[in-house]
Amino acid sequence: MKAILVNDDRSLRWDNVPDPVIKSEEVLVKIEAAALNRADLMQREGDYPPPPGCPEWMGLEIAGTITEMGEEAKAKSNWKIGDKVCALLGGGGYAEYVAVKYDMLMPVPENCTMVEAAAIPEAFATAYLNLFIEGGIKEGNTLLMNAGASGLASVIIPMAKAFGARVITTVLTDEIANSIKHLNADRVVVTTKEDISEVLKEELENGHGVDVAIDCLGGEIMGKCIHYLTHGARWIMIAALAGTKTEIDLKNIYVRNVRIIGSTLRSRTPEMKAFILSELVKNVFPKIATGEVKPTIHAVLPIQEAEAAHDILYKGQNVGKVVLTVEG
């Protein structure tokens with residue numbers, strides 16, 4: 001089969017690799033679409049190696065068709081050959097086929113295309129993990145989701161809204177704010193015009209303090225914003241794109257009982273990932289079927305154009321997910 005490999009100069013090529021050989025608890029999936037994540041860029045640059053046993057090529061989420069099943073996968077699951085599925089991977093999605101443990105699969109939701117289904121596993125699992133498991137968000141809570149134009153925000157914002165949360169998000173320009181109107185955030189803060197820490201102070205004083213923050217930016221502003229949260233709030237760090245250092249008033253943290261939580265999906269145990277996926281299917285897939293929550297697709301390119309697809313993420317041009325399609 002073929003897969004996307006990284007050359008010595010970090011450029012990409014579509015080249016031959018060995019066919020996957022499935023284990024007893026695995027199924028073979030013929031890939032129809034694979035969605036991009038920022039972790040793919042980090043892996044390409046040598047900063048985010050795949051877990052042991054995973055293919056060397058990138059790709060954390062795919063949609064496709066089951067073509068082969070191991071004996072244990074047949075015995076322990078209800079999957080069958082020919083089923084349309086989406087899957088969460090440790091790696092290996094930029095290819096024609098992938099071997100997947102049976103409990104890392106989910107059905108393609110009703111009213112969902114294969115391109116949309118490919119954009120679900122990593123982003124939706126990350127969203128569910130941080131909103132509900134780490135964040136413990138409840139109806140009536142206020143969420144701060146930084147970087148509102150990101151692929152993850154395009155999932156987290158509508159998911160939080162579908163479960164009754166109020167959402168504040170940040171963007172850099174009015175143009176970007178207009179581009180995410182369909183996500184229906186309650187307040188979009190254009191940070192070149194407003195100071196987000198002052199906005200959060202105002203919200204707190206008006207009785208709408210943030211209960212859960214999901215932050216992929218970090219940097220200096222994180223330490224300023226964390227002073228203006230509700231008592232018992234959770235600030236969840238998932239990345240630090242704006243810088244890894246900040247200054248925090250520690251007294252404010254313990255007086256307000258604020259928790260700072262570091263969180264990544266990729267580092268979770270297989271058992272935890274399987275649990276998150278099962279919870280997604282049970283609690284969120286019905287809302288996908290009704291259209292309350294839907295992946296936002298920014299661009300679809302053939303997998304041979306993976307380098308151009310990566311450039312969209314590198315340049316921050318996407319509002320929502322970029323997806324690669326695999327023909328044949």
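Visitor: How much space lies in the largest pocket?
Guide: This is a predicted model, and the volume is computed from it. The pocket is lined by 42 residues. The space in this largest pocket comes to about 1,200 Å³.

Visitor: Which element supplies the largest share of the lining of the largest pocket?
Guide: Several elements each give at least two residues: helix H1 (38–44), H4, E9, helix H6 (174–179) and strand E15 (321–325). The largest share is 4 residues, and it comes from H4.

Visitor: What volume does the second largest pocket have?
Guide: Its lining holds 17 nonpolar, 5 polar and 8 charged residues. The volume of this second largest pocket is about 730 Å³.

Visitor: Which residues are closest to the centre of the second largest pocket?
Guide: This pocket is lined by 30 residues. Strand E6 (97–101) and H10 each give two or more of them, and E6 has the largest share, 5 residues. Closest to the centre are Glu26, Gly53, Cys54, Gly90 and Ala99.

Visitor: Is Cys54 buried or exposed, or something in between?
Guide: Buried means under 20% relative accessible area, and exposed means over 50%. Cys54 has 27%, so it counts as partly exposed.

Visitor: How many disulfides does the structure hold?
Guide: A disulfide needs two cysteine sulfur atoms within 2.5 Å. The sulfur of Cys54 is 18 Å from the closest one, in Cys86, too far for a bond. Cys112, which is buried at 14% relative accessible area, has the sulfur of Cys86 as its nearest, 7.7 Å away. The number of disulfides in the structure is 0.

Visitor: Which residues line the largest cavity?
Guide: A search of the whole structure finds 1 cavity of 30 Å³ or more. About 40 Å³ of space lies in it. Its lining has 3 nonpolar, no polar and 3 charged residues. They are Leu88, Leu89, Glu122, Leu265, Arg266 and Lys273.

Visitor: Why is helix H5 described as largely enclosed by the rest of the structure?
Guide: H5 runs over residues 153–162. Its buried residues are Ala153, Ser154, Val155, Ile156, Ile157, Pro158, Met159, Ala160 and Ala162. H5 is largely enclosed because the buried ones make up 9 of its 10 residues.

Visitor: What covers the buried residues of H5?
Guide: Both helices and strands take part. Among the strands are E8 (142–145), E9 (166–171) and E11 (210–215). The helices include H4 (121–134), H10 (270–283) and H11 (285–289).

Visitor: Which residue with a positive phi follows H5?
Guide: The phi in question is near 90°. The residue that has it is Gly164.

Visitor: Which side chain does a polar contact join to that of Thr170?
Guide: Thr170 is found in strand E9 and is buried, with a relative accessible area of 5%. Beyond its neighbours within four places in sequence, Thr170 is in contact with residues including Leu144, Met145, Val189, Thr191 and Ile196. The polar contact spans 3.2 Å, and the partner side chain is that of Asn146.

Notes:
Residues numbered from 1 in each chain as written. Predicted model: local features only at pLDDT ≥ 70, side-chain atom pairs only at ≥ 80, totals over all residues. Heavy atoms only, no water. 1 Å grid on protein atoms, 1.4 Å probe; cavity = no way out; pocket = protein on both sides within 12 Å on 5 of 7 lines; lining within 4 Å. Points joined across faces, edges and corners; volume = space filled by probe spheres on them. Nonpolar A, V, L, I, M, F, W, Y, C, P; charged D, E, K, R; others polar. Buried < 20%, exposed > 50% of the residue type's maximum accessible area, 1.4 Å probe, protein only. Contact = heavy atoms within 4.5 Å. Polar contact = N/O pair within 3.5 Å; in protein donor to acceptor, adjacent residues only side chain to side chain.
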